Amino acid sequence: MNQAKREATRRWLGLGPAILLIFIFMIIPLCIISTYSFLESNPYGGVKPHFSFAAYSQFLFELDFDDNVVFNPAYLMIFWRSFVLALATTILCLLIGFPVAYYIALQPPSKRNLLVFLVTIPFWTNLLIRTFSWILILRDSGVVNNILIWTGIIDKPITLLYTNGAILIGLVYTYIPFIVLPIYATVEKLDIRLFEAAHDLYANRRQLMRYIILPLTAPGIIAGGILVFVPSLGAFIAPNLLGGGKKLMLGSLIQLQFASSRNWPFGSAVALLLMAVVLIAMLIYILGPARKTDMGEHAG
Amino acid sequence: MTNNKHTSPRRFFKIGQFPGFGITTLLFFLFLYIPLFILVIFSFNTGRSATIWDGFGFNWYLKAFNNDDIQRAAINSIIIAITATTVATMLATFAALILSRARKFRGQNISYAIIMLPLIVPEIVTAVATLSFFSAIGLKLGLVNVIIAHTVFCIPFAFMPIRARLQGMDSTLEEAATDLYANDWKTFRYVTLPLLMPGIISGAMLTFIISIDDFIITMMVAQAGSTTLPLYIYGMVRMGITPEINVVSTIMLCISTLFVSLAYLVGRKK
């Protein structure tokens, strides 16, 4: 009994501070914006304490000059663009990141450590700096156009910056280390003897990948995928710098509402919408097949 | 590692190797590093353009070093990152120890979920929620506001590598220590902590990056006078691209690389 009490005390001392901090400065703030999303906006900043669904209906409808409610797809388009770009980013990151993580994990230890180190260095480089470096490459007087003109392939600069493609490159460039590291961690733990067993049982490379490697690295793949998808969806820097701030994504839309547009309720509503998509992604993760093996480990 | 030696010559491929993975890795690293090299090279450009080469020189470096705003922003960034990293890593270490080493208890899963929450919530949502909260309670403590915000979202980044390390650690060593009459503190100090250290260091590294890298939350939460380097760089990029941005970026890049190299060497030590 005493032992149990001591353990409970220790539990509180250990867990308490982290949980309290997150509760006060994260959960309560989230409750606040949930409330704000049902209030009216104050054009001078902040909110008016009047209950209203205006913030949510603004997402789909607007009032025209005669005060009729009309359908307005502009915000829906922003949502769609964000979703597609985030999905494309995740898929590209997986397609590039998996072979890289796998290749690195199978190297001899000294080389492996060096390569992991090289993956982490851009991590340490400021996100803005990394995105900015692509402006230097993609702009009209940038490196790519200069090279293409110099070699005579084109004679006028082609527009590369401020396109969806530029945003996509920026997002992949930004988030790809997030996918390499978790996958690497799972591949590194793979037991090579399983490969040998599969080989002895006449499995070819495809079968080895399909039935041994992919299922066992699934937790890393899914964790990495979520680590890329979630921040891509709410990305702000890449769309603003490489998309020129005109091709808005959800992140920029929310930021604008709290900055220049001063419509906190609408900003809060869009933020909650973004949260909802993220929760759906999480749910897919929890209900997905990979989670089961993970839970099996916990039970065992 | 010895497993490779068992591969007999009759096998027509090396087990577990896939064609094209090597070349993908090479291209990946080129993709990762070429933009950074371009950035560094053009910081030595003497001309006014950031992408048209004029000549080699250090004139933009002199200009940046004498810029008081840059100095102030750098100091702010470092204060915030060090404080947030220290607090977040400590809290995360304790939380990870409880969640992976203690016996199962009610509320374990919900505790885990709360700790991972800042990772799940998109940064922009955290940013506007924190802004709303600080403005609702009227908290105006300058840098402290930014430090609080950073500490909170850094916790899971410190937590994950520490917990991963704990899960990979053999708990029989700790049991052995207990069997040899080491008390809880001694077990922790001489067995758990040294084994856990690489996890704590990589957790702290990750946290430091996340903090010093952060732009969005800082942008929303920072008041006048709390400008950090990312905020300053963003302002410069919006005003027009000059080699001065390349200079500041290159310096940040060098400091980061130096820092991560040191952490890497320390982490490798037995």
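How far does helix H12 of chain A reach from its first C-alpha to its last? In this predicted model, the helix, which spans residues 264–287 and has 24 residues, reaches 34 Å, close to the 34 Å expected at 1.5 Å a residue. The buried residues of H12(A) include A:Trp264, A:Pro265, A:Phe266 and A:Gly267, and A:Leu274 and A:Val278 are also among them.

The contact between chains A and B takes 73 residues from chain A and 76 residues from chain B. On the side of chain A that touches chain B, helix H1 of chain A (residues 2–36) gives the most, with 18 residues. By class, that side of chain A has 54 nonpolar, twelve polar and seven charged residues.

Chain B has eleven helices and zero strands, and its radius of gyration of 23 Å is well over the 18 Å that the globule rule gives for 270 residues, so chain B is more spread out than a compact globule. Along the principal axes, the C-alpha atoms of chain B fill a box of roughly 70 × 65 × 30 Å, and 42% of the 270 residues count as buried. Of the contacts in chain B with a separation of 6 or more, 77% are accounted for by residues 24 or more positions apart.

Within chain B, helix H3 (residues 68–101) and helix H10 (residues 229–239) pack at an angle of about 140 degrees, their axes lying 8 Å apart. Here B:Asp69, B:Ile70, B:Ala73, B:Ala74 and B:Ser77 of H3(B) meet B:Leu229, B:Leu231 and B:Tyr232 of H10(B), and the residues of this contact divide into six nonpolar, one polar and one charged.

Definitions and conventions: Residues are numbered from 1 along each chain as its sequence is written. Chains are lettered from A and ligands numbered from 1 in the order in which they are written. This is a predicted model: local features need pLDDT of at least 70, side-chain atom pairs count only at pLDDT 80 or more; totals for chains, interfaces and linings use all residues. Helices (H or I, at least four residues) and strands (E, at least two) are DSSP runs, numbered from the N terminus. The expected span of a helix is 1.5 Å times one less than its number of residues. A residue is buried if 20 or more other C-beta atoms lie within 10 Å of its own, exposed if 12 or fewer, and partly exposed in between; C-beta atoms are placed from the backbone. Two residues are in contact if their C-beta atoms, placed from the backbone, lie within 7 Å. Ala, Val, Leu, Ile, Met, Phe, Trp, Tyr, Cys and Pro count as nonpolar, Asp, Glu, Lys and Arg as charged, and the others, Gly among them, as polar. Axes are lines fitted to C-alpha atoms, for helices over the stretch in contact, and angles run from 0 to 180 degrees between N-to-C directions. The radius of gyration is taken over C-alpha atoms; the globule rule is 2.2 Å times the number of residues to the power 0.38.
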